[in-house]
Amino acid sequence: MATISKTYALINRRVGKAIHQYRMIDHGDRILVGLSGGKDSLTLLSALDERRKRIPVAYELYPVYIDPGFEPGYAEQLAHYCTVRGHLLQYEITDHGPRAHEPSNQVNPCFLCSRNRRKRLFEIAEELGCTKIALGHTRDDIIETLFINMFYSGQISTMTPCQAMFDGRFTVIRPLALVDESDVQAFARQQNFPSFVNACPSASRSKRREIKELLHHVYRSNPNIKGNIFRSMSRVREDYLLT
């Protein structure tokens with residue numbers, strides 16, 4: 001990275017805070033970085049790569065992309081982008097997306113596609129000897145997941161910044177957990193990240209997009225709301241919830 005912008009400095013501080021606060025990375029870790037081709041995952045890879053060049057904690061990065069199988073795909077272009085930046089991308093073309101959109105599964109194709117791709121990520125992590133899986137979810141994603149689960153699953157839960165899986169065999173980490181999506185967007189523009197078109201037929205009508213639009217409307221009424229929602233998830237007063 002040629003220059004360090006104010007936006008990246010902000011992102012880096014928040015990534016560092018998240019890593020330390022939630023104890024995400026240890027010396028010697030082999031970390032699978034789940035790429036999607038979107039700005040969030042590319043920012044994640046950039047931040048983790050730049051960070052390891054100047055801190056005493058040594059860790060290895062293994063970027064992986066699971067192509068859901070929609071046409072036109074961009075796996076090779078993404079691989080080239082990673083190669084130019086010194087990373088060897090492991091990618092796999094699957095049929096997870098088309099199968100999830102079969103007529104028998106029209107209610108929630110996103111859930112099935114996501115579950116199958118995530119399952120494959122864990123399998124590849126085991127093959128590579130990685131015990132950590134880094135995903136590019138931002139603070140906005142964590143908030144949106146809270147509302148998705150309340151609205152559509154009837155439960156209060158969300159993604160956590162650091163989550164042990166399969167009896168501790170793997171740990172999913174989200175180093176962008178304290179980073180706003182707007183800062184990622186600004187950084188992506190500054191770095192001229194490639195723009196890959198998501199060919200998924202549900203991309204423009206997903207539940208997450210509905211929640212994102214709803215929250216965007218709410219945020220415009222009061223700039224403190226997003227921070228208050230995020231803080232509320234660690235300030236749960238169980239005595240005032242139904243049991």
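This report walks through salt bridges, a pocket, a surface patch and some backbone details of a predicted model.

Local features are given where pLDDT is at least 70 and side-chain atom pairs where it is 80 or more, while totals for chains, interfaces and linings use all residues. Residues are numbered from 1 along each chain as its sequence is written, and side-chain values use heavy atoms, with hydrogens and water left out.

**Salt bridges**

Let us start with the charged pairs. Side chains of opposite charge can pair when their charged atoms come close. Here a salt bridge is a side-chain nitrogen of Lys or Arg within 4 Å of a carboxyl oxygen of Asp or Glu, and the model has 21 salt bridges by that rule. Three of them are set out below, with helices (H or I, at least four residues) and strands (E, at least two) taken as DSSP runs numbered from the N terminus.

| Pair | N to O distance |
|---|---|
| Arg14 and Asp180 | 3.8 Å |
| Asp140 and Lys226 | 2.8 Å |
| Glu181 and Lys212 | 2.9 Å |

In the pair of Arg14 and Asp180, Arg14 belongs to helix H1 and Asp180 to the loop between E6 and helix H7 (181–190), so the contact ties together parts 166 residues apart in sequence. For burial, the cut-offs on relative accessible area are under 20% for buried, over 50% for exposed and in between for partly exposed (1.4 Å probe, protein chains only). Arg14 is partly exposed at 27%, whereas Asp180 is buried at 11%.

The salt bridge between Asp140 and Lys226 links helix H6 with helix H9 across 86 residues. Both ends count as buried: Asp140 has 8% relative accessibility and Lys226 has 14%.

Glu181 and Lys212 also pair up, joining helix H7 to helix H8 (residues 207–221) over 31 residues. Glu181 is buried at 12%, and Lys212 is partly exposed at 29%. Through shared partners, salt bridges connect Arg14, Arg139, Asp140, Asp180, Asp183 and Lys226 into one network.

**The second largest pocket**

A pocket is found on a 1 Å grid over the protein atoms alone, as an open set of points where a 1.4 Å probe fits, with protein on both sides within 12 Å along at least five of seven lines; lining residues have an atom within 4 Å of a point. The second largest pocket holds about 390 Å³, the volume being the space filled by probe spheres set on points joined across faces, edges and corners. It is lined by 16 residues, and Gln21, Tyr22, Leu178, Phe230 and Arg231 are the closest to its centre. Helices H1 (6–21), H6 (139–153) and H9 (225–232) each give two or more residues to that lining.

**A nonpolar patch**

Met150, Phe151, Tyr152, Ile156, Leu214, Val236 and Leu241 make a nonpolar surface patch of about 650 Å². Such patches join nonpolar side chains (Val, Leu, Ile, Met, Phe, Trp, Tyr) within 5 Å, from residues with over 30% relative accessible area and no salt bridge; areas come from the Shrake-Rupley method with a 1.4 Å probe. H6 gives the largest share, 3 residues. Met150, in helix H6, is partly exposed at 31%.

**Backbone details**

The peptide bond from Glu71 to Pro72 is cis, with omega near 0°, and Pro72 sits in the loop between strand E2 (59–67) and helix H3 (75–84). Arg23, though not a glycine, has a positive phi of about 50°; this residue is in the loop between H1 and strand E1 (29–35) and is exposed at 71%. Phe166 likewise has a positive phi, near 55°, in the loop between strand E5 (162–165) and strand E6 (170–173), and is partly exposed at 46%.

Terms used: Patches are made of residues with over 30% relative accessible area and no salt bridge: like charges are joined within 9 Å, nonpolar side chains (Val, Leu, Ile, Met, Phe, Trp, Tyr) within 5 Å.
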